[in-house]
Every structure is written in structure tokens, then in C-alpha cells.
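User: I have a structure open and would like to go through it step by step. Can we start from the overall layout and then look at single residues?

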Amino acid sequence: MKHYKVTVILALGLIAFLLPSLATVPPVFAAVPTDLTLTGKVTQTHEGPTSKTFTVKIHLAPAGNSTSHFTIWGKTVVAGDYPYYLGGTAILEGNILIMNLTTTQKHVDGWRDTGVMQARYNLVDNLGSFYEIGNDYNTKKLGQFDRRFSAGTLKKST
């Protein structure tokens, strides 16, 4: 009978010890919006510092039933030129949305741009950064390529 009492006391002690941790609410993460409009500022290119700005509208869709994996697509309207398109995947790590994207643009002057970009965006403070590398081709001068790099900041458009 003594062993029974010791077992009951130990079991009750274990429950009392674990109960607070079972009632602990998991951390709250920012919700990922389905549509997001961001203002980007290019701060650095392969040619040096710059301060070009752009607005990009993107759409995020959950991959299956996931709350942390997404497909993403969007575009930037460029005055006097064709749109800049992007698409890829995004992963939510904590409150940081990490977007791995491919980018393309057809220019009116015959150039065709392609790139690979990573953007990191904090869904709590609505700020982020990006970098892109690209290899572009001039359709009017066969064999003319242009490699490029750009980096900058992102913020939620109001």
C-alpha cells in the first residue's frame, strides 16, 4: 500500500509541475496577408549607390494547408516601360517572410531582363530588405549581355 501512495503523490506532483507549461499559450506570430503593396528603394547597384524607388504589388497564397509556406507572384508598373514581374516561394520564419523570387522584364528598347532575388520582410514592423542578381540580354544587338546587382530596402506602402 505504501508504494501506491508514493506513486499517487509522484503522479500528482508531476501533473502540478506540468500543468502551467500545458496552459502556456504559444507565441503569436503575425498573420501573412494575401495581398501586400511594398515600396522599395534601391540603395546599391553594380554601378554604385543610388536612390531609385518603386512600388510592387504582390499576392501570397498558402502552399496547401501550410501556414508557413507560400507561393508568391506580383508586378511593378514602370512608367514608359513594360511591367516588372516576379514570382516564387516564401517561407515564414517567426515574423520574417523570406521570399525567393525570379524576376523578368521586357523593355521597350529591346532589352530583356532576368533575375533572382531574395527579399526579407518583417510582418511586425513592416520593413525589409532585398538583393537581386541578374543577367540581361539586348535583342537589338545580338550577343550583348549585361550582368547586374541591386540591393535595397522595403516598407509597407500606405
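Analyst: What follows goes from the whole chain down to strands, the core and a few side chains. Keep in mind that this is a predicted model.

User: OK, how many helices and strands are there in the protein chain?

Analyst: The protein chain has 1 helix and 8 strands. Read from the N terminus on, the order is α-β-β-β-β-β-β-β-β.

User: And what share of the residues is buried?

Analyst: Of the 158 residues in the protein chain, 31% are buried. The chain exposes about 10,400 Å², and carbon and sulfur atoms supply 63% of that area.

User: What part of the contacts with a separation of 6 or more is between residues 24 or more positions apart?

Analyst: Such pairs account for 39% of those contacts.

User: Now the strands. How many bridges join E7 to E8?

Analyst: There are 12 bridges between strand E7 (residues 127-138) and E8, and the two run antiparallel. One of the bridge pairs is Asn138 with Gln144 in E8. E7 and E8 form a hairpin with 5 residues between them. In the turn, Gly143 has a positive phi of about 90°.

User: Which other strand pairs with E8?

Analyst: Strand E1 (residues 35-45) pairs with strand E8 (residues 144-156) over 7 bridges, also in the antiparallel sense. There, Gly40 stands opposite Leu154 in E8.

User: Pick a residue in E8. Is Ser150 buried or exposed?

Analyst: Ser150 is in strand E8, and it counts as buried because its relative accessibility is 11%, where the cut-off for buried is under 20%. Leaving out residues up to four places away in sequence, Ser150 touches Val42, Gln44, Thr45, Phe130, Tyr131 and Glu132.

User: Change of topic. Which residues touch the most other members of the largest nonpolar core?

Analyst: That core has 22 residues, and Leu38, Ile58, Leu60, Phe70, Leu97, Met99 and Tyr121 touch the most other members. Two or more residues each come from E1, strand E2 (48-62), strand E3 (69-76), strand E4 (84-93), strand E5 (96-106) and strand E6 (111-122). The most come from E4, which gives 4 residues.

User: Next, His59. Where is it, and what does it touch?

Analyst: His59 is in strand E2. With residues up to four places away in sequence left out, His59 touches Thr34, Asp35, Thr71, Ile72 and Trp73. The side chain of His59 makes a polar contact with the side chain of Asp35 at 2.9 Å. A polar atom of the His59 side chain also lies 3.0 Å from the backbone oxygen of Thr34.

User: Why does His59 count as partly exposed?

Analyst: Its relative accessibility is 23%, so His59 counts as partly exposed. That class lies between the cut-offs of 20% and 50%.

User: How many aromatic pairs does the search of the whole structure find?

Analyst: The search finds 2 aromatic pairs. In one of them, the ring centres of Phe54 and Phe130 are 5.8 Å apart and the planes are at 75°, so this pair is edge-to-face. Phe54 is in strand E2 and Phe130 in strand E7, 76 residues apart, so the pair links distant parts of the chain. Phe130 is buried at 5% relative accessibility, while Phe54 is partly exposed at 23%.

User: And what about Tyr137 and Phe145?

Analyst: Tyr137 and Phe145 form a tilted pair, with 4.9 Å from centre to centre and 50° between the planes. Phe145 counts as exposed at 54% relative accessibility, and Tyr137 is partly exposed at 26%.

Definitions and conventions
Residues numbered from 1 in each chain as written. Predicted model: local features only at pLDDT ≥ 70, side-chain atom pairs only at ≥ 80, totals over all residues. Heavy atoms only, no water. Pairing = 2+ DSSP bridges. Core = buried A, V, L, I, M, F, W, Y, C linked by side-chain atoms within 4.5 Å. Buried < 20%, exposed > 50% of the residue type's maximum accessible area, 1.4 Å probe, protein only. Contact = heavy atoms within 4.5 Å. Areas by Shrake-Rupley, 256 points an atom, 1.4 Å probe, with all protein chains shown as cover. Polar contact = N/O pair within 3.5 Å; in protein donor to acceptor, adjacent residues only side chain to side chain. Phe/Tyr/Trp six-rings, centres within 6.5 Å; stacked < 30°, edge-to-face > 60°.
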